[in-house]
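Hi,

Here is the structure I promised to pass on. Have a look at it first, and then read on for what turned up when I went through it.

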Amino acid sequence: MGVARRVTAPGRVNLIGDHTDYNQGVALPVAIDLGTTVEFTETGGSHVTFFSTLYPQGIALPVDIALDPSVLSALQPPWSRLVGAMIALTHTRTGGVGRIETTIPVGAGLSSSAAFMVALAGALGVEGTARSIARLCQQAENFSGVPVGIMDPLACSGGRAGHGVLIDFSDLSLGYVPIPDEAELVVIHSGVHRTLRFTEYAARVAECEAAAVTVGPLGLADESDVDGLRDPLLRRRARHVVTECRRVHQVAAALGAGDLGTAGERLVEGHRSLAEDFEVSTPEVDALVAEVCALDGVHGARLTGAGFGGCVVVLAQPGAVDPADYPDGAWVVTPSDGTATDPDGTGTLDVSGAPAGTPEAVAAGD
Ligand code: GLA
């Protein structure tokens, strides 16, 4: 039996700043205490095998799989494309057996795929800074067919307990914003499950690129640039990104000052912008945001992540939201450490050698 590694990566909830990462903007995600664990034991041979409880029959891929989107896109089930891309990108040359388990709801906008990628990279022996790990994981997702930005793996690897991660995507610098003790973060599932591949995520990326041809990267633009866009649809998309980046800074400042009321108001404004200007909400998510905002002790709530369903994040007083009231799932989440031991410096991924456990596992793929 060869080397065995076991790595757990957290999911993330994005407090504010959605659809800003692929526009060189800013965001304030939080790594959370729901996570994905990948164990991998090198056994030799020419294949890697992974098991999950969702796919108990497992998947087997050749170690010399090509880094070729046409090869990867033919793999089934779809999450095996992520594994194939990661094996190819990391030049894994030794066969082995892997097991995956997760407490992150899949397809909910809580970064189940990025957590899977970060944990998988570590289990395959990759070491690096939060940034280098995140770049690798983003590439793996891109090769497997979804043009995601870098926010999710950067939050999963660069998170810090008790803090939100203020990411500037123009230079990938990280700052840390303390989440006040009197703030509770609750994540509520809308009941609408989705897979990004089947949403208009790629269309939004393309629309932002089209607007950027005229005004430059939207995350660096301002409102007068937006007014100069002639196409009304592109103008709305760009307005979301520009105003969202402003809200990120406002929420970071409000949290730093302990002003939860102002932070909550910006969250609600952010939801409206995602729903009206960026058009990534759904009637179920809008209704959930309105319902939860009417509760005593709730400062604000918004859609979190890519949208098209998934989860709402709520900023509230402790105890104001009872997760038991939400049949599709709700979690009080704790801001947690990411996998990188020194997220903003030269530190490496925290990889612990461990014997492989039982083949209890769940697939990722958000
Ligand atoms: C998904 C993507 C991220 C980001 C968000 C929206 O989670 O993986 O890169 O674009 O949507 O903010």
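**The sheet around S8**

Strand S8 (residues 184–189) and strand S10 (residues 311–316) are antiparallel partners, with 6 bridges between them. Within that pair, glutamate 184 sits opposite alanine 316 of S10. Helix H10 (residues 283–293) packs on the sheet and touches S8, S9 and S10, and its direction makes about 175 degrees with that of S9. The open sheet is built from 4 strands in the order S9-S10-S8-S11, with antiparallel pairing. Its edge strands, each pairing on one side only, are S9 (298–303) and S11 (330–333). From one strand to the next, the twist averages 20 degrees.

Before the rest, a word on conventions. This is a predicted model, so to speak of local features pLDDT has to be at least 70, side-chain atom pairs count only at pLDDT 80 or more, and totals for chains, interfaces and linings use all residues. Residues are numbered from 1 along each chain as its sequence is written, and side-chain values use heavy atoms, with hydrogens and water left out.As for terms, helices (H or I, at least four residues) and strands (E, at least two) are DSSP runs numbered from the N terminus. Two strands pair if DSSP finds at least two bridges between them. Contact means heavy atoms within 4.5 Å, and axes are lines fitted to C-alpha atoms, for helices over the stretch in contact, with angles running from 0 to 180 degrees between N-to-C directions.

Strand S1 (residues 4–16) is mostly covered, with 11 of its 13 residues buried (under 20% relative accessible area; exposed is over 50% and partly exposed in between, using a 1.4 Å probe and protein chains only). S1 runs antiparallel to strand S2 (residues 26–42), and 11 bridges join the two. Asparagine 14 stands opposite proline 29 in S2.

The loop between S1 and S2 deserves a look. Histidine 19 is found there, and its phi is near 60 degrees, a positive value in a residue other than glycine. With a relative accessible area of 4%, histidine 19 is buried. Glutamine 24 lies in that loop too and has a positive phi of about 60 degrees, although it is not a glycine. Glutamine 24 counts as partly exposed, at 32% relative accessibility.

Asparagine 23 is in the loop between S1 and S2 as well, and at 5% relative accessibility it counts as buried. What does asparagine 23 touch, not counting residues up to four places away in sequence? The list is Cys208, Pro217, Leu218, Gly219, Leu220 and Val241.

**S3 and S4**

Strand S3 (residues 47–51) pairs with S4 in the antiparallel sense over 4 bridges, and phenylalanine 50 stands opposite isoleucine 59 in S4. Strand S4 (residues 59–62) has Ile59 and Leu61 on a covered face and Ala60 and Pro62 on an uncovered one. In a regular strand, side chains alternate between the two faces of the sheet.

**A cis proline**

Glutamine 76 and proline 77 are joined by a cis peptide bond, with omega about -10 degrees. Proline 77 lies in the loop between helix H1 (69–72) and helix H2 (79–89).

Helix H3 (residues 112–123) is mostly covered: 12 of its 12 residues are buried, among them Phe116, Met117 and Leu120. At 1.5 Å a residue, its 12 residues should span 16 Å, and the end C-alpha atoms are 16 Å apart, which agrees (the expected span is 1.5 Å times one less than the number of residues). H3 is followed by glycine 125, whose phi is positive, near 100 degrees.

The axes of H3 and helix H5 (residues 151–158) come within 8 Å and cross at roughly 55 degrees. H3 and H5 are therefore oblique to each other (under 35 degrees counts as roughly parallel, over 145 as roughly antiparallel, 65 to 115 as roughly perpendicular and the rest as oblique). Ala114, Ala115 and Val118 of H3 make the contact with Asp152, Pro153, Cys156 and Ser157 of H5.

**H8 and H9**

Helix H8 (residues 232–256) and helix H9 (residues 260–276) have axes that come within 9 Å and cross at roughly 165 degrees. The two are therefore roughly antiparallel to each other, and H8 passes H9 in a left-handed crossing. Residues in the contact include Arg236, His240 and Arg247 of H8 and Arg266, Glu269 and Ser273 of H9.

Arginine 247 lies in H8. Is arginine 247 buried or exposed? At 6% relative accessibility, arginine 247 counts as buried. Leaving aside neighbours within four places in sequence, arginine 247 is in contact with Ile16, His240, Arg266, Glu269, Gly270 and Ser273.

Cheers

Note on methods
Left-handed = near helix turned anticlockwise from the far one by under 90°.
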